[in-house]
Amino acid sequence: MNYKKNHFFIENISSEKIAEKFATPIYCYSYKILKTNIKNFKRNFKTIKPTICFAVKSNTNLNLLREIKKFGLGADVVSMGEMMIAKKAGISSKKIVFSGVGKTKKEINYAIEKNILLINAESKSEIILIEKIAKYKKKKVNIGIRLNPNTNPKTLDQISTGKKENKFGVSENTFLELVNYIKNSSYLNLKCLSVHIGSQILSHKPYEKMLKVLDKIIKKSNHNFEFLDLGGGMGIPYENKFKKLNYKKYSSAINRLLKKHKSKIIFEPGRSIVGNAGFLITKVLYIKEAQNKSFVILDAGMNDMMRPALYGVKHKIVPSIKSKNYSKKTYEFVGPICETTDKFSTLSKFQKLNENDIIIICDTGAYGVSLSSNYNVRPKPPELLIKGSKINVIKRREKLEDLI
Ligand SMILES: *Cc1c(COP(=O)(O)O)cnc(C)c1O
């Protein structure tokens, strides 16, 4: 992959150089990978010409969002804070959609004031509240209803959102009831049917199933939806054993649906846009021998990158300088946090490591910094955007003074 003469590079900068200059742990993004992902996403759905609303929760860095905006993407937001960041990044309200099961009155007020493209409502009570606020403001508000299509996305249970036992969206019956309710409202404009069945989806089949449910319910509702918001969820191969999502098949299935129902498509991808563009560079603090393994204790922990601790998932771990010297013992890569789940991976046949070596945790561009915390009163790492030989500090390292 990114090795030049056995040294790991992010674009034209070596990982050791970054570690030396900026200290560790540190997040780096490759502009080139980001750009390629956006270009590929557009190309994969070329025949559909979708509105692409980047899922801001996957990466909330303002400067990165500014770059994403330059490619014409909008934003999918799930809080007032995310909406404000999207606006600050220069994203037009006409390209902002607002999702989430627990929008507050204040958040709905803000969204209506900003005239965003859509509020995707997730319950009857929410719709009644939106209507009340719209009436008070004497405005007609564009909304979508999020359907729970009861489709198993075949991903981790913790990131499934479209099964009937999940809190997201409304059932088919409620959906149809709400369509009728909104049709009779003077303050609501039903523009969209939205779905998002989960994240890190690697098979096109759940999407095909979801589209079948949509076909059925659109017919039943007898409503002309200007938009079908299909959410995001496109997975990336975190481990070599994973297969890539077949975009061609997903795209064809959407085209079949569009032959029957004339609507514009919205996507809300997060992970597939930024996931593999991010790298977390970290240093080996200590190597501690145990009975059948060695603990490789890193200076990055679960507070910096929570996915493994939260979902039990693995990220590729690679050395900054490759050698042919293999360790006989299994390595368990752990962080310094006082939690047993603060563990990144257990790998046998890794190359022999020494204390102070630099290693890279890959594919940390999505749900890396955005899920990070100050647990154990640890300042969050800085973020760099690397463009060729240029390094841009797009977020400085937090200082202890910021926290204390
Ligand atoms: C999280 C989320 C997304 C993005 O999911 P990815 O798997 O990162 O593409 C899109 N839409 C909604 C409503 C979400 O909650």
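Biologist: Which residue takes a positive phi just after H5?
Modeller: Asn115, with phi of about 50°. First, the ground rules. This is a predicted model, where local features need pLDDT of at least 70, side-chain atom pairs count only at pLDDT 80 or more, and totals for chains, interfaces and linings use all residues. Residues are numbered from 1 along each chain as its sequence is written, and side-chain values use heavy atoms, with hydrogens and water left out.

Biologist: What makes H5 a helix (residues 105–113)?
Modeller: Helices (H or I, at least four residues) and strands (E, at least two) are DSSP runs, numbered from the N terminus.

Biologist: Which residues of H5 are buried?
Modeller: Glu107, Ile108, Tyr110, Ala111 and Ile112. Their cover includes helix H4 (80–88), strand E7 (96–98), strand E8 (118–121), helix H6 (124–136) and strand E9 (141–146).

Biologist: Why is Lys49 called exposed?
Modeller: Exposed means over 50% relative accessible area, buried under 20%, and partly exposed in between (1.4 Å probe, protein chains only). Lys49 has 68% relative accessibility, so it counts as exposed. Lys49 sits in the loop between helix H2 (31–44) and strand E5 (51–55). Its phi is positive, about 50°, although Lys49 is not a glycine.

Biologist: Why is Gln200 called buried?
Modeller: Its relative accessible area is 10%, so Gln200 falls under the 20% limit. Gln200 lies in the loop between strand E10 (188–194) and helix H8 (204–221). Phi of Gln200 is also positive, near 55°.

Biologist: Why does Glu268 count as buried?
Modeller: Glu268 has a relative accessible area of 8%, so it is under 20% too. Glu268 is in the loop between strand E12 (264–267) and H10.

Biologist: What does Glu268 touch beyond four places in sequence?
Modeller: Contact means heavy atoms within 4.5 Å. Among those in contact with Glu268 are Cys53, Ala55, Asp76, Val97 and Asp229. The C-alpha atoms of Glu268 and Thr51 are separated by 8.7 Å, though the two are 217 residues apart along the chain.

Biologist: How do you know that Arg271 has no salt bridge?
Modeller: A salt bridge is a side-chain nitrogen of Lys or Arg within 4 Å of a carboxyl oxygen of Asp or Glu. For Arg271, which is buried, the nearest side chain of opposite charge is Asp363, 9.5 Å away. Lys and Arg count as positive, Asp and Glu as negative; His and the chain ends are not counted.

Biologist: What makes the Arg271 and Ser199 pair a polar contact?
Modeller: A polar contact is a pair of N or O atoms within 3.5 Å; within protein, one must be able to donate a hydrogen and the other to accept it, and residues adjacent in sequence count only if both atoms are side-chain atoms. The side chains of Arg271 and Ser199 meet at 2.8 Å. Arg271 is in helix H10 (residues 271–274).
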